[in-house]
Amino acid sequence: MLKAVILIGGPQKGTRFRPLSFEVPKPLFPVAGVPMIQHHIEACAQVPGMQEILLIGFYQPDEPLTRFLEAAQQEFNLPIRYLQEFVPLGTGGGLYHFRDQILAGGPEAFFVLNADVCSDFPLSAMLDAYRHQPHPFLLLGTTANRTQSLNYGCIVENPQTHEVLHYVEKPSTFVSDVINCGIYLFSPEALKPLRDVFQRNQQDGQLEDSSGLWPGAGTIRLEQDVFSALAGQGQIYVHLTDGIWSQIKSAGSALYASRLYLGQYQLTHPERLAKHAPGGPRIRGNVYIHPTAKVAPSAVLGPNVSIGEGVTVGEGVRLRESIVLHGATLQEHTCVLHTIVGWGSTVGRWARVEGTPNDPNPNDPRAHMDSESLFKDGKLLPAITILGCRVRIPAEVLILNSIVLPHKELSRSFTNQIIL
Ligand SMILES: Nc1nc2c(ncn2[C@@H]2O[C@H](COP(=O)(O)OP(=O)(O)O[C@H]3O[C@H](CO)[C@@H](O)[C@H](O)[C@@H]3O)[C@@H](O)[C@H]2O)c(=O)[nH]1
């Protein structure tokens, strides 16, 4: 019997995701038409023997989360429960705090997944590796280029045995091009080292994390307190993948993740991809259209477009590399490229809304999305355009490389601006 835990964080996390995380908790943001963590749940539900999925985070259990959990339980016919930390306990503290719930029923092992990653989740392959040689901690690893590796947990492995010999979280100089994907398979034994860290923290008094923001003796940082501390002691192993993987930290990376998942749908969910039908809109490449959306037949959509519930797309609209969230309206002949259109927003006739993609370098197979800062040398970097919820864009204007905060009614064109 197996279980899975998804670490969903809480409202103080996901700041690089603003203004989109104002409306819906980041883990429920739609990526390729379904909430971000539904991809995790679908992958877990496919593993034979999966008994229960636990979401651990520090969000208040609000209506969208409750509704999502109810719908997911029905769809996957599995218990899916939310366990709330009353203070943020870090990436490992929640696992220790809720250990009785995780171990209830005696699972053979449990997966732990960061919510903000996009992956093809090779969980069965990880399980095979674990069953072949059970160890307390199995980490999924992938490769990154030297510069980008510094933004992740870096793993030095023994290439013969795949034991993790050395682990450094977000090092300041190059350590290894193998990075931690934030996808793990732990044995029940893994909770013992967590208990040791917890007890040590209790004895040492208050633990201050590096930011000093969330001190608390219950806080455990899985990466620094456990992986770095136990590397080289025969307890941590890495399973390497060359499948799809990306972090989802910023709106730009959500658009990139949407493209990766839409590509996956060819294999996993062909029914989710729109097909060209007589009298329907023209579809180019991978496009998701919610069944309740109304799309005019002369619109041209794709590639990499995802259209949410109740969206209206008018005649002659051109839409590519974009996510349109529920209830938005694109009036006739708008052109929307590399943009996220927020819930209930309206783009007026003949307007052009465009962003600049900052996708990984296509010539470097080890490149990942850069989700660094929005600014460089005090200037807003060109990036995808984001319209917050209920924004109104008038007819015949150009909005380029801009972020528009919720409920704004614009009256003219804007380029390279954050509109507050
Ligand atoms: N429940 C809970 N979840 C948390 C907490 N803090 C973070 N999380 C969740 O844990 C995951 C990791 O969060 P971060 O702390 O933001 O770490 P990171 O910068 O994403 O880096 C981690 O993931 C990388 C891969 O995406 C790894 O490379 C890196 O080593 C590390 O594990 C996210 O899904 C986040 O929601 C917490 O206090 N409580």
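**Close-up views of a predicted model**

**View 1. Helix 3 and helix 7 cross in this predicted model.** The axes of helix 3 (residues 90–97) and helix 7 (residues 191–204) come within 10 Å and cross at roughly 105°, which makes helix 3 roughly perpendicular to helix 7. On the side of helix 3 the contact is made by Gly92, Leu95 and Tyr96, while helix 7 contributes Leu191, Leu194, Arg195 and Phe198.

View 2. In helix 8 (residues 222–230), the buried residues are Leu222, Glu223, Gln224, Asp225, Val226 and Phe227. Just after helix 8 comes Gly232, which takes a positive phi of about 80°.

**View 3. The largest nonpolar core holds 123 residues.** Among the members of this core, Val5, Ile6, Phe111 and Tyr184 touch the most other members. The largest share of the core, 8 residues, comes from helix 9 (residues 251–268). Domain 1 (2–247) and domain 2 (273–419) both give residues to this core, so the core lies between them. Around Ile6, and not counting residues up to four places away in sequence, the residues touched are Ile37, His40, Ile53, Leu55, Leu113 and Ala115.

**View 4. Domain 1 and domain 2 meet in a contact.** The domain assignment of the protein chain gives domain 1 as 2–247 and domain 2 as 273–419, and the centres of the two, taken over C-alpha atoms, are separated by 31 Å. To the contact, domain 1 brings 15 residues and domain 2 brings 19 residues. On the side of domain 1 that touches domain 2, the residues divide into 6 nonpolar, 6 polar and 3 charged.

**View 5. Val311 is a buried residue in a loop.** The loop that holds Val311 runs between strand 18 (305–307) and strand 19 (312–313). Val311 counts as buried because 24 other C-beta atoms lie within 10 Å, where 20 or more are required. Leaving aside neighbours within four places in sequence, Val311 is in contact with His290, Ala293, Val324, His326, Gly327 and Ala328. Phe98, by contrast, lies 213 residues from Val311 in sequence and 40 Å from it in space, C-alpha to C-alpha.

How values were computed: Residues numbered from 1 in each chain as written. Predicted model: local features only at pLDDT ≥ 70, side-chain atom pairs only at ≥ 80, totals over all residues. Axes fitted to C-alpha atoms, helices over the stretch in contact; angles between N-to-C directions. Helix = DSSP H or I, 4+ residues; strand = E, 2+ residues; numbered from the N terminus. Parallel < 35°, antiparallel > 145°, perpendicular 65-115°, else oblique. Contact = placed C-beta atoms within 7 Å. Core = buried A, V, L, I, M, F, W, Y, C linked by C-beta atoms within 7 Å. Buried ≥ 20, exposed ≤ 12 C-beta atoms within 10 Å, placed from the backbone. Domains from an automatic or database assignment. Nonpolar A, V, L, I, M, F, W, Y, C, P; charged D, E, K, R; others polar.
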